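Subject: Structure handover

Hi,

Here is the structure for you to pick up. Please load it first, then read the notes below.

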2 protein chains.
Amino acid sequence: MSSFDRRTVLSGALAAGVGASAAAAETPIAPMIHHVFFWLKNPGSKPDRDALIAGLNTLRGIEVIQQLHIGVPASTEKRDVVDNSYDVSELMFFKSVADQKLYQDHPLHLKFVKDCSHLWAKVVVYDSIAL
Amino acid sequence: MSSFDRRTVLSGALAAGVGASAAAAETPIAPMIHHVFFWLKNPGSKPDRDALIAGLNTLRGIEVIQQLHIGVPASTEKRDVVDNSYDVSELMFFKSVADQKLYQDHPLHLKFVKDCSHLWAKVVVYDSIAL
């Protein structure tokens, strides 16, 4: 069974107050995961953080993005393995690697990079295929 | 509007072949994102990778996990910012930081760490709150 397990589908269906058929629950939604972490040039700057978040929100106009979650570090327990030194994160789900490429080349994404890349000092990207 | 935007809800509802009310579509589903990347001690070992993946699948029994996506590096374009050197990834959604703590302390998670930690050389965790 796909890792896009039935809870993924059911959570949406339940939020909408409906049931889901078993067949629908087996349907994978978005198997490619693209997670980007940004470290600002000025880490303490709320205006810079807000400008980056505003830029990321413009990406919502890109049709191939199935889900977009813009985040900031969570106040979870301090542990050696946890890296919460970044300033802003962007998590996207795509249906395929090909769709992720369409996103990379999309005018809205290129405009985002042009308008916002001066804000960050470092970017780390992780691309995964869900099993 | 939450980054758990209406597409998150609608995708589930549409997969179930139903519509969603505007009120339901505004409901945030899971605002805390926990993403873990594992580097194996034996990166070329398929048995070790499969054992780690099997271990991660046991975490599906933990109720506070809203979504669990187990992944491997995607064959996206090689770019300096992309780190696809890890072997296995685990992406979880929780309703809250408190639920994530319940997960950390859950017997199934503790058993997973006990049974599988000999497999990995390095772990990096990113915890985010979706805006």
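Predicted model: local features only at pLDDT ≥ 70, side-chain atom pairs only at ≥ 80, totals over all residues.

Residues are numbered from 1 along each chain as its sequence is written, while chains are lettered from A and ligands numbered from 1 in the order in which they are written.

Confidence. The model scores ipTM 0.79 and pTM 0.79. Chain A has a mean pLDDT of 84 (the predictor's confidence in each residue, from 0 to 100). In chain A, 77% of residues reach 70 or more. Treat residues 1–27 of chain A separately: pLDDT stays under 50 there. The model has 64 contacts beyond four places in sequence for that stretch (contact: C-beta atoms, placed from the backbone, within 7 Å).

Chain A. There are 5 helices and 4 strands (DSSP runs, numbered from the N terminus; helices are H or I with at least four residues, strands E with at least two). From the N terminus, the order is α-α-β-α-β-β-α-α-β. Strand S1(A), residues 32–40, pairs antiparallel with S3(A), residues 88–94, over 7 bridges (pairing takes at least two DSSP bridges). Val36(A) sits opposite Glu90(A) of S3(A). S1(A) also runs antiparallel to S4(A), residues 120–130, with 9 bridges joining them. There, Phe37(A) has Val124(A) as its bridge partner. Of the contacts in chain A with a separation of 6 or more, 74% link residues 24 or more positions apart. Chain A has 131 residues, and 34% count as buried (buried: 20 or more other C-beta atoms within 10 Å of its own; exposed: 12 or fewer; partly exposed: in between; C-beta atoms placed from the backbone).

Core. The largest nonpolar core holds 36 residues (buried Ala, Val, Leu, Ile, Met, Phe, Trp, Tyr and Cys joined through C-beta atoms within 7 Å). Met92(A) and Met92(B) touch the most other members. Beyond four places in sequence, Met92(B) contacts His34(B), Ile65(B), Gln67(B) and Leu68(B).

Helix H3(B), residues 46–57. Its buried residues are Leu52(B), Gly55(B) and Leu56(B). They lie on the same side of H3(B), because they cover an arc of only 100° around the axis (taken from the directions from the axis to the C-beta atoms). The cover over these residues includes strands S1, S2, S3 and S4 and helix H5 of chain B. Lys46(B), Pro47(B) and Asp50(B) are exposed on the face turned away.

Best wishes

Key. Contact = placed C-beta atoms within 7 Å.
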